[in-house]
Protein chains: 2
Amino acid sequence: MTDATGAGDAIRVAVSTVIFSLRTAEDGDRLMLPLVRRTRTPHLGQWALPGGWLDPAEDLDAAASRTLAETTALKPSYLEQLYTFGDVDRAPTRAISIVYWALLRSDLVDAQRAAAGAPENVEWFDVDAMPPLAFDHNRIADYALWRLRNKVGYSRIAAGLLPDEFTLTELREVYETVLGQRLDPSNFRRLLEGSDELVPTESFRTGNHRPARLFRYVASA
Amino acid sequence: MTDATGAGDAIRVAVSTVIFSLRTAEDGDRLMLPLVRRTRTPHLGQWALPGGWLDPAEDLDAAASRTLAETTALKPSYLEQLYTFGDVDRAPTRAISIVYWALLRSDLVDAQRAAAGAPENVEWFDVDAMPPLAFDHNRIADYALWRLRNKVGYSRIAAGLLPDEFTLTELREVYETVLGQRLDPSNFRRLLEGSDELVPTESFRTGNHRPARLFRYVASA
């Protein structure tokens with residue numbers, strides 16, 4: 001920004017969001033994301049990430065939330081800017097896309113969709129079975145998945161995919177689903193119980209198994 | 001990008017770069033960055049980050065390199081996209097800034113400046129003694145510094161600030177300057193010698209002290 005009247009008018013600015021949640025499939029929980037079928041050219045009929053144009057009067061985070069709500073009726077539990085994609089040839093006319101990635105607690109997905117009336121042209125896809133997407137959206141989705149899998153290892157990011165209280169088994173299953181690999185239950189339990197991030201509650205999950213204590217994350221600093 | 005003709009025309013796109021290098025000051029090396037004095041309104045006469053408008057025909061990385069070269073004559077040793085800043089009120093008219101952060105080997109700074117003829121209106125500032133900057137550039141510079149200090153801890157990022165071969169003492173001093181704190185020499189040496197990232201060369205640095213072996217990073221995978 002070294003000039004008050006420079007170029008830039010020919011460049012359009014979009015905002016897109018890759019939002020992940022855990023959805024129950026036949027073989028257990030799967031890490032999935034919603035895609036929107038395009039109703040306009042270019043790429044008419046192809047699947048694309050939820051998004052839209054940035055409004056000149058709104059901040060970037062607000063634009064991500066708005067365009068996500070307009071296209072999918074979803075409100076993220078966690079939202080963070082990922083990267084801005086702007087290769088010259090990524091669209092027929094010059095358009096950059098400021099991309100966010102987001103998490104949604106699995107217990108909220110159906111309620112949000114029902115409250116809004118299930119939006120049209122939206123379907124959830126397994127991250128390991130994505131269709132060919134419009135524009136450079138496959139590359140964008142892959143990058144968001146890489147960031148999620150990196151970040152889950154050193155932060156409480158899994159909290160964005162779970163209700164406020166959960167058992168250690170439920171937490172381990174979130175890690176396993178996100179990372180796509182099994183974790184040793186005793187090692188996981190030892191690691192988490194030694195952390196000062198998790199606090200035990202006085203509640204227990206009951207059911208077919210023996211009661212399991214519920215935990216929650218300590219409040220953020 | 002859900003529409004081929006949407007809004008966006010009223011939004012201008014800038015690219016800015018926060019580039020760090022080590023510069024020798026009276027009390028030793030300091031982590032510094034170059035700023036450019038503005039010759040136009042708004043913020044006429046204030047210091048700002050190097051940058052300029054995105055050209056519709058160029059990729060984002062190319063725009064960062066070009067605008068950095070045009071304003072400071074510098075060519076980074078390392079360049080990575082940082083974040084896109086786009087608050088509605090960050091400039092008098094709506095402008096988003098795609099910000100890069102970069103590193104420049106200290107042994108190259110003077111040569112690059114001399115080759116281009118020292119550019120006007122550019123001065124280097126200690127990261128701990130920054131003047132008030134135009135727009136939201138103080139916030140941007142602080143964020144880039146935070147990212148650098150985080151990243152230096154778990155990566156070979158210090159290589160972007162050093163010549164290809166260096167002594168372990170020189171490497172430790174880079175870490176100390178970037179982090180702004182002293183590190184225990186024996187611990188540092190033990191940690192680095194145990195890493196498979198560094199390889200010893202057959203060369204030694206000689207001078208007033210006893211000869212010190214030169215190391216280099218292994219080639220990237």
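This is a predicted model: local features need pLDDT of at least 70, side-chain atom pairs count only at pLDDT 80 or more; totals for chains, interfaces and linings use all residues.
We may begin with the layout of chain A, which is divided into domain 1, covering 12-152, and domain 2, covering 163-217. The C-alpha centres of domain 1 and domain 2 of chain A are 28 Å apart. Where the two meet, nine residues of domain 1 of chain A touch seven residues of domain 2 of chain A. Together, domain 1 and domain 2 of chain A bury about 760 Å², and 68% of that area falls on carbon and sulfur atoms. Between these two domains of chain A there is one salt bridge. In that kind of pairing, the side chains of A:Arg105 and A:Asp164 come together at 3.2 Å, N to O. On the side of domain 1 of chain A that touches domain 2 of chain A, strand E2 (28-37) and H3 each supply at least two residues. Sorted by class, this side of domain 1 of chain A holds four nonpolar and five charged residues, with no polar ones. The polar contacts between domain 1 and domain 2 of chain A amount to two residue pairs, both at pLDDT 80 or more.

The side chain of A:Arg147 reaches the backbone oxygen of A:Leu82 at a distance of 3.2 Å. Apart from neighbours within four places in sequence, the contacts of A:Arg147 are A:Glu80, A:Gln81, A:Leu82 and A:Trp101.

Is A:Thr24 buried or exposed? With a relative accessible area of 70%, A:Thr24 is exposed, because the cut-off for that class is over 50%. The side chain of A:Thr24 makes a polar contact of 3.2 Å with the side chain of A:Asp29. In space, A:Thr24 is 9.0 Å from A:Ser106, C-alpha to C-alpha, while 82 residues separate the two in sequence.

In chain A, the peptide bond joining A:Thr41 and A:Pro42 is cis, with omega about -10°. A:Pro42 belongs to the loop between E2 and strand E3 (47-48) of chain A. In chain B, a cis peptide bond joins B:Thr41 and B:Pro42, with omega again given as about -10°. B:Pro42 lies in the loop that runs between strand E2 (28-37) and strand E3 (47-48) of chain B.

Although A:Asn121 is not a glycine, its phi is positive, at about 65°. A:Asn121 sits in the loop between helix H2 (106-115) and strand E7 (122-126) of chain A, and A:Asn121 counts as partly exposed at 36% relative accessibility. In chain B, B:Asn121 likewise has a positive phi of about 65° without being a glycine. The loop that holds B:Asn121 runs between helix H2 (106-116) and strand E7 (122-126) of chain B. B:Asn121 is partly exposed, at 35% relative accessibility.

Turning to charged pairs, the structure holds 29 salt bridges over all chains. One of them joins B:Arg23 and B:Asp110, whose closest N and O atoms are 3.4 Å apart. This pair links distant parts of the chain, with B:Arg23 in strand E1 (residues 12-25) and B:Asp110 in helix H2 of chain B, 87 residues apart. B:Arg23 has 18% relative accessibility and therefore counts as buried, the limit being under 20%.

Another salt bridge in chain B brings the side chains of B:Arg139 and B:Asp87 together at 3.5 Å, N to O. Here too distant parts of the chain are linked: B:Arg139 is in helix H3 (residues 137-152), B:Asp87 is in the loop between strand E5 (78-85) and strand E6 (95-103) of chain B, and the two are 52 residues apart. B:Arg139 is partly exposed at 48% relative accessible area, and B:Asp87 is partly exposed at 30%.

The side chains of B:Arg105 and B:Asp107 also meet in a salt bridge, at 3.0 Å, N to O. Within this pair, B:Arg105 is buried at 18% relative accessibility, whereas B:Asp107 is partly exposed at 38%. Back in chain A, salt bridges link A:Arg30, A:Asp126 and A:Asp128 into a network.

Conventions
Residues are numbered from 1 along each chain as its sequence is written. Chains are lettered from A and ligands numbered from 1 in the order in which they are written. Side-chain values use heavy atoms; hydrogens and water are left out. A polar contact is a pair of N or O atoms within 3.5 Å; within protein, one must be able to donate a hydrogen and the other to accept it, and residues adjacent in sequence count only if both atoms are side-chain atoms. Contact means heavy atoms within 4.5 Å. Domain bounds come from an automatic or database domain assignment. Buried area is the accessible area (1.4 Å probe) that two parts lose on being put together, summed over both. A salt bridge is a side-chain nitrogen of Lys or Arg within 4 Å of a carboxyl oxygen of Asp or Glu. Helices (H or I, at least four residues) and strands (E, at least two) are DSSP runs, numbered from the N terminus. Ala, Val, Leu, Ile, Met, Phe, Trp, Tyr, Cys and Pro count as nonpolar, Asp, Glu, Lys and Arg as charged, and the others, Gly among them, as polar. Buried means under 20% relative accessible area, exposed over 50%, partly exposed in between (1.4 Å probe, protein chains only).
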